[in-house]
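This report looks at how side chains in one protein chain pair up and pack.

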Amino acid sequence: MNTVWTLQRLLPDSPHVATVARWTHATWGHLDPTRSPAERLAETHSECGEAGVPSVFVALAGETPVGTASLIIDDMPSRPELTPWLASVFVHPEWRRHGIASALVKHVEREAREAGVATLYLYTPDRQALYRRLGWLAFESVDYRGETVTLMARSLG
């Protein structure tokens with residue numbers, strides 16, 4: 001497997017928007033089973049901003065998408081005071097263990113910092129170790145839509 005990959009901003013007219021929407025729906029759709037794949041696609045389109053919040057990034061191996069991460073205003077409606085969020089960090093299983101997730105997280109952090117964001121938030125059910133290695137701090141464990149997740153924050157100052 002060619003392990004060369006690049007990161008780029010996902011624009012609304014990109015042919016990869018549908019792939020990213022499929023990944024996010026398949027991976028996290030159970031947290032909101034009322035949302036259809038078409039609604040997820042529309043949401044992904046709306047998050048493809050030109051800079052700052054919101055933004056979606058994609059890791060590409062050549063022209064093939066292999067990972068994604070987003071910078072969005074709200075990822076947990078029950079916690080509106082927390083904003084913005086690192087969300088939807090996903091790497092295709094065949095491409096894991098190549099540093100792509102870490103690079104995507106750092107890329108979103110840089111985008112947020114350049115947009116003047118002081119603190120970034122995320123939630124994760126099972127990737128706390130990855131985020132801790134990248135400097136994130138856990139601050140609360142909550143039940144979110146039937147799943148126990150850890151809320152984490154990263155100061156960008």
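A salt bridge joins the side chains of Glu 111 and Arg 9, with N and O 2.7 Å apart. The term salt bridge means a side-chain nitrogen of Lys or Arg within 4 Å of a carboxyl oxygen of Asp or Glu. Glu 111 belongs to helix α3 and Arg 9 to strand β1 (residues 6–9), so the bridge ties together parts 102 residues apart in sequence. Helices (H or I, at least four residues) and strands (E, at least two) are DSSP runs, numbered from the N terminus.

The model is predicted: local features need pLDDT of at least 70 and side-chain atom pairs count only at pLDDT 80 or more, while totals for chains, interfaces and linings use all residues. Residues are numbered from 1 along each chain as its sequence is written, and side-chain values use heavy atoms, leaving out hydrogens and water.

The whole structure has nine salt bridges.

| Salt bridge | N to O distance |
|---|---|
| Glu 111 and Arg 9 | 2.7 Å |
| Asp 32 and Arg 145 | 3.8 Å |
| Arg 79 and Glu 140 | 2.8 Å |

Asp 32 sits in the loop between α1 (17–28) and α2 (37–47), and Arg 145 in the loop between β6 (137–144) and β7 (147–155), so this bridge joins parts 113 residues apart in sequence. Asp 32 is buried at 15% relative accessible area, whereas Arg 145 is partly exposed at 43%. Buried means under 20% relative accessible area, exposed over 50%, and partly exposed in between (1.4 Å probe, protein chains only). Both residues also belong to a network of salt bridges with Arg 35, Arg 40 and Glu 43.

Next come the aromatic rings. Rings of Phe, Tyr and Trp (its six-membered ring) pair if their centres lie within 6.5 Å; planes under 30 degrees apart count as stacked, over 60 as edge-to-face and the rest as tilted. By this rule there are six aromatic pairs. Trp 85 and Tyr 121 have ring centres 6.2 Å apart and planes at 50°, so they form a tilted pair. Trp 85 lies in strand β4 (residues 85–91) and Tyr 121 in strand β5 (residues 119–124), 36 residues apart.

A nonpolar core is a set of buried Ala, Val, Leu, Ile, Met, Phe, Trp, Tyr and Cys residues joined through side-chain atoms within 4.5 Å. The largest has 25 residues, and those with the most contacts inside it are Leu 86, Leu 120, Tyr 131 and Trp 136. Helix α3 gives the most to this core, six residues.
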